[in-house]
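Trainee: Could we go through this model together, one question at a time?

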Amino acid sequence: MILTAALRLWILLVRSSHCISFFSAIKYGILSRYYVLITPWGLGGQPIMMGILHKEGVPFGLATSIPMLDLFFMRFAMALITTIAFIGVGPLLDPYLFVFALIGYFFTSFLPVVLILFSFHPQFSSFVVSLIRQYWFKRTGLKVALKVEEALAMYRDAFFLFRKKIWSLLTVFFASVISQLSLLIIPFGILLSFVPVFQSSPSIAFELSTLIQFMAMTNTMLGVVPTIGSAGAAEFTFSAIFSTFVIGHDLFWVTFLWRFLELL
């Protein structure tokens, strides 16, 4: 996950003519991952990355648009994986879990993708500026609105630099898919050590593809409860879904190992 995060950032910066070492990109990827884990809905990595890039001399427009592009591809990749999971294992879930998955899908995948795409449109700038002019303090409203309008224009112009760099964007998307799969594959490795004692329904095969889809549904449900690091909600959701494969004392240790490795 760290390597693919570094690769995505490195590609976007290099293609925008701001070369950095891959080692620096790895450090930024670690920082970004840390803030993702300690903020609700995992959206803390982007603001910190914007600040770091701008501090390192990257123009404001690129420093803001690159993390948002990265977030877009990550959420889009997860949206595709989760859509497959809805079709593949959705009917196997309890109805209440399926409803939670739909709600989480809306907040964690669909809504971020749509909002990020809209943020690159001129109408988004007009909408934000109009709100500031209407509701901001009258003494500073006009000044703030002009500053925001200028910043959003730089943000939008930086995004347009990538419109013709199709192969670079496809590479970033592919790295995003690998990054998401590397997160979702962790429970399969853990459960392999419990195979001699695991419980399974005859209709559900203990296979890598099935476990990845179940984990995608679990990951999506965490968007319903925006706690820091998904604390509490993560353990409950994981236990509810993966009790299909392992129960009792073993379920506790599977859940514990999963959370430990995920947060590590």
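Trainee: Which residues of H1 are buried?
Mentor: H1 has 14 residues and reaches 20 Å from its first C-alpha to its last, close to the 20 Å expected at 1.5 Å a residue. Buried here means under 20% relative accessible area. In H1 that applies to Thr4, Ala5, Ala6, Arg8, Leu9, Ile11, Leu12 and Leu13.

Trainee: With which residue does Arg8 form a salt bridge?
Mentor: The structure holds one salt bridge. This pair links distant parts of the chain, with Arg8 in helix H1 (residues 2–15) and its partner in helix H4 (residues 60–88), 62 residues apart. Both residues of the pair are buried. The closest N and O atoms are 2.3 Å apart, and the partner of Arg8 is Asp70.

Trainee: Is Val114 buried or partly exposed?
Mentor: Val114 is found in helix H5 (residues 95–119), and together with Val99, Ile103, Phe106, Phe107 and Phe110 it makes a nonpolar surface patch of about 490 Å². Because its relative accessible area is 37%, Val114 is partly exposed.

Trainee: In which helix is confidence lowest?
Mentor: The mean pLDDT of the chain is 81, and 87% of its residues reach 70 or more. Where pLDDT is low, the predicted coordinates should not be read in detail. Confidence is highest in helix H8 (residues 166–184), at 92, whereas it is lowest, at a mean of 68, in helix H11 (residues 233–242).

How values were computed: Residues are numbered from 1 along each chain as its sequence is written. This is a predicted model: local features need pLDDT of at least 70, side-chain atom pairs count only at pLDDT 80 or more; totals for chains, interfaces and linings use all residues. Side-chain values use heavy atoms; hydrogens and water are left out. A salt bridge is a side-chain nitrogen of Lys or Arg within 4 Å of a carboxyl oxygen of Asp or Glu. Helices (H or I, at least four residues) and strands (E, at least two) are DSSP runs, numbered from the N terminus. Buried means under 20% relative accessible area, exposed over 50%, partly exposed in between (1.4 Å probe, protein chains only). The expected span of a helix is 1.5 Å times one less than its number of residues. pLDDT is the predictor's confidence in each residue, from 0 to 100. Patches are made of residues with over 30% relative accessible area and no salt bridge: like charges are joined within 9 Å, nonpolar side chains (Val, Leu, Ile, Met, Phe, Trp, Tyr) within 5 Å. Accessible areas come from the Shrake-Rupley method with a 1.4 Å probe; for residues, only the protein chains shown count as cover.
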